[in-house]
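Dear colleague,

Please find below the structure that I am handing over to you.

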Amino acid sequence: MTVLAAPPQTHPRTRLAFRVVAFAEAVSWAGLLIGMFFKWILETTEVGVKIFGPIHGGIFVAYVVMCLVAWRTFGWSFKVAVAALASSIPPFFTVLFEVWADRRGLLGGAARR
């Protein structure tokens with residue numbers, strides 16, 4: 001009797017959600033940085049900070065949650081999970097982490113070169 005191994009699950013919804021939230025976190029960083037430029041450098045208005053501050057905060061929390069979901073779903077090592085979480089601190093690093101993880105097949109898809 002031959003037993004066939006089940007193909008690895010790709011979890012396309014989790015993969016897509018992680019990618020979308022990682023990109024949104026980077027975009028919200030850009031909005032917040034532009035708002036901070038107008039508030040602190042040009043000293044003209046703080047509307048950008050008032051708008052993008054809460055948006056970025058909410059997306060940041062969503063990214064942290066998605067990192068924890070991806071860690072469990074994709075079976076990341078502790079080091080990969082810490083790298084994913086740490087990428088939320090510097091501006092735009094969530095996109096860099098997402099590209100790195102995707103190329104290594106850590107988001108449930110086949111590794112690309």
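Accessible areas come from the Shrake-Rupley method with a 1.4 Å probe, and for residues only the protein chains shown count as cover. On that basis, the protein exposes about 7600 Å², of which carbon and sulfur atoms supply 71%.

This is a predicted model, in which local features need pLDDT of at least 70 and side-chain atom pairs count only at pLDDT 80 or more, whereas totals for chains, interfaces and linings use all residues. Residues are numbered from 1 along each chain as its sequence is written, and side-chain values use heavy atoms, with hydrogens and water left out.

Overall architecture

The protein has four helices and zero strands, where helices (H or I, at least four residues) and strands (E, at least two) are DSSP runs numbered from the N terminus. Along the sequence the pattern reads α-α-α-α. Of the 113 residues, 27% are buried; buried means under 20% relative accessible area, exposed over 50%, and partly exposed in between (1.4 Å probe, protein chains only). Taking contacts (heavy atoms within 4.5 Å) between residues at least 6 apart in sequence, 63% join residues at least 24 apart.

Helix α1

Helix α1 covers residues 12-41, 30 residues in total, and spans 43 Å from its first C-alpha to its last, close to the expected 44 Å. The expected span is 1.5 Å times one less than the number of residues. Buried residues of α1 include Phe18, Ala22, Glu25, Trp29 and Leu32. The buried residues of this helix pack against α2 (47-74) and α4 (93-103). Just after α1, glutamate 43 adopts a positive phi of about 50°.

The partners of α1

How do the axes of α1 and α4 cross? They come within 8 Å and cross at roughly 150°, the axes being lines fitted to C-alpha atoms, for helices over the stretch in contact, with angles running from 0 to 180 degrees between N-to-C directions. The two helices are therefore roughly antiparallel, a term for angles over 145 degrees. The residues of this contact divide into six nonpolar, one polar and five charged. Here Ala, Val, Leu, Ile, Met, Phe, Trp, Tyr, Cys and Pro count as nonpolar, Asp, Glu, Lys and Arg as charged, and the others, Gly among them, as polar. Among those that meet are Arg15 and Phe18 in α1, and Phe97 and Asp102 in α4.

Isoleucine 59 lies in helix α2. Not counting residues up to four places away in sequence, isoleucine 59 touches Val21, Ala24, Glu25 and Ser28.

With kind regards

Key:
Parallel < 35°, antiparallel > 145°, perpendicular 65-115°, else oblique.
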